[in-house]
Amino acid sequence: MPALPAAPAHVPRHIAIIMDGNGRWAEQKGLPRHKGHEAGARMVRTITEECARIGVQRLTLYAFSAENWKRPKREIDFLMKLLKRYLAGERPSLMKNGIRFAAIGRLHELSPEVLAELEKTKAVTRENPKMTMTLALNYGGRGEIVDAARAFAGDALRRGKVPELTEDEFARYLYDPAAAEVDLLIRTGGDHRVSNFLLWEISYAELWFTKDYWPDFSVATLHAAIDDFARRERRFGGLAER
Ligand code: IPE
Ligand code: IPE
Ligand code: MG
């Protein structure tokens, strides 16, 4: 086995990835699209394990968007079947690598079988200390903000008054308040867009794009993205340090 690359000096705390290009990866090889999704699922394991190894605290992966229901039923059915298989097969690796599993999105709209696998994976990995890996499923960034506003309004009604609302207070109503800041957002597949992913959370994220389709992503490309991140100066609206 080749030696693993050394961990980069400056590792982002929270990496989010738009894993795009599975279908095109398969098509360019003359394969049906579902083969691309299978290859993509294998890359999820590689990248998740590497992120845990090098000290990333949170990894959020866009696995199925609220808009992906527009796809043909047979592709959606395949993706849901793959998700169930992935979750059941991944639990040993998550345990071995100390990775806690979480999911965000309108999860209640997923099938009971998928929900059961999600709950089981969350429950068994709950105490794992190394990294939290979150799958975004039936997820939309605008939907998340609307769901947060609804939860806030519900609280206001229960309390009989509208509580103070700051950005930090509002963020407490997001799907996972502890994951409210993304440091590095990676998109594979060549498109330069956000596709309704983590709109609140990426406000000061560094963006990094590659033409590689997701199944062709690699540990080396992850390290290239992190090295690039480490060279950037994040000013958050302030002035450069001199
Ligand atoms: C990303 O790959 C995976 C999902 C959206 C589920 P795509 O399926 O979007 O692949 P392309 O973009 O069509 O190549
Ligand atoms: C974004 O990819 C969603 C996921 C990776 C799950 P899409 O393929 O759905 O995005 P668009 O349609 O190209 O914007
Ligand atoms: Mg796509």
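The shell around ligand 1 draws at least two residues from each of helix H1 (22-28), helix H2 (33-54) and helix H3 (73-96), where helices (H or I, at least four residues) and strands (E, at least two) are DSSP runs numbered from the N terminus. Of these contributors, H1 gives the most, with three residues. The model is a predicted one, in which local features need pLDDT of at least 70 and side-chain atom pairs count only at pLDDT 80 or more, while totals for chains, interfaces and linings use all residues. Residues are numbered from 1 along each chain as its sequence is written, chains are lettered from A and ligands numbered from 1 in the order in which they are written, and side-chain values use heavy atoms, with hydrogens and water left out.

In total, 13 residues surround ligand 1, and the closest are Asp20, Gly23, Arg24, Arg33 and Arg71; a residue counts as near a molecule or strand if one of its heavy atoms lies within 4 Å of it. By class, this shell has three nonpolar, five polar and five charged residues, given that Ala, Val, Leu, Ile, Met, Phe, Trp, Tyr, Cys and Pro count as nonpolar, Asp, Glu, Lys and Arg as charged, and the others, Gly among them, as polar. Polar contacts are pairs of N or O atoms within 3.5 Å; within protein, one must be able to donate a hydrogen and the other to accept it, and residues adjacent in sequence count only if both atoms are side-chain atoms. Gly23 places a backbone N or O atom 2.9 Å from an oxygen atom of ligand 1, whereas Arg33 brings a polar side-chain atom to 2.9 Å from an oxygen atom of this ligand, and Arg71 brings one to 2.7 Å. Taken alone, ligand 1 exposes 380 Å², of which the protein buries 87%, with accessible areas taken from the Shrake-Rupley method with a 1.4 Å probe and, for residues, only the protein chains shown counting as cover.

Ligand 2 has around it Ile18, Met19, Asp20, Tyr62, Ala63, Phe64, Asn68, Arg71, Arg187, Arg193 and Ser195. Strand S2 (58-65) gives the most to this shell, with three residues, and the shell as a whole divides into five nonpolar, two polar and four charged residues. Oxygen atoms of ligand 2 lie 3.1 Å from a side-chain N or O atom of Asp20, 2.9 Å from a polar side-chain atom of Asn68 and 3.2 Å from a side-chain N or O atom of Arg71. Taken alone, ligand 2 exposes 390 Å², and the protein buries 78% of that.

On a 1 Å grid over the protein atoms alone, a cavity is a set of points where a 1.4 Å probe fits but cannot get out, and a pocket is an open set with protein on both sides within 12 Å along at least five of seven lines, lining residues having an atom within 4 Å of a point.

One cavity of 30 Å³ or more is counted, and the largest cavity holds about 50 Å³ of space.

Note on methods. Points joined across faces, edges and corners; volume = space filled by probe spheres on them.
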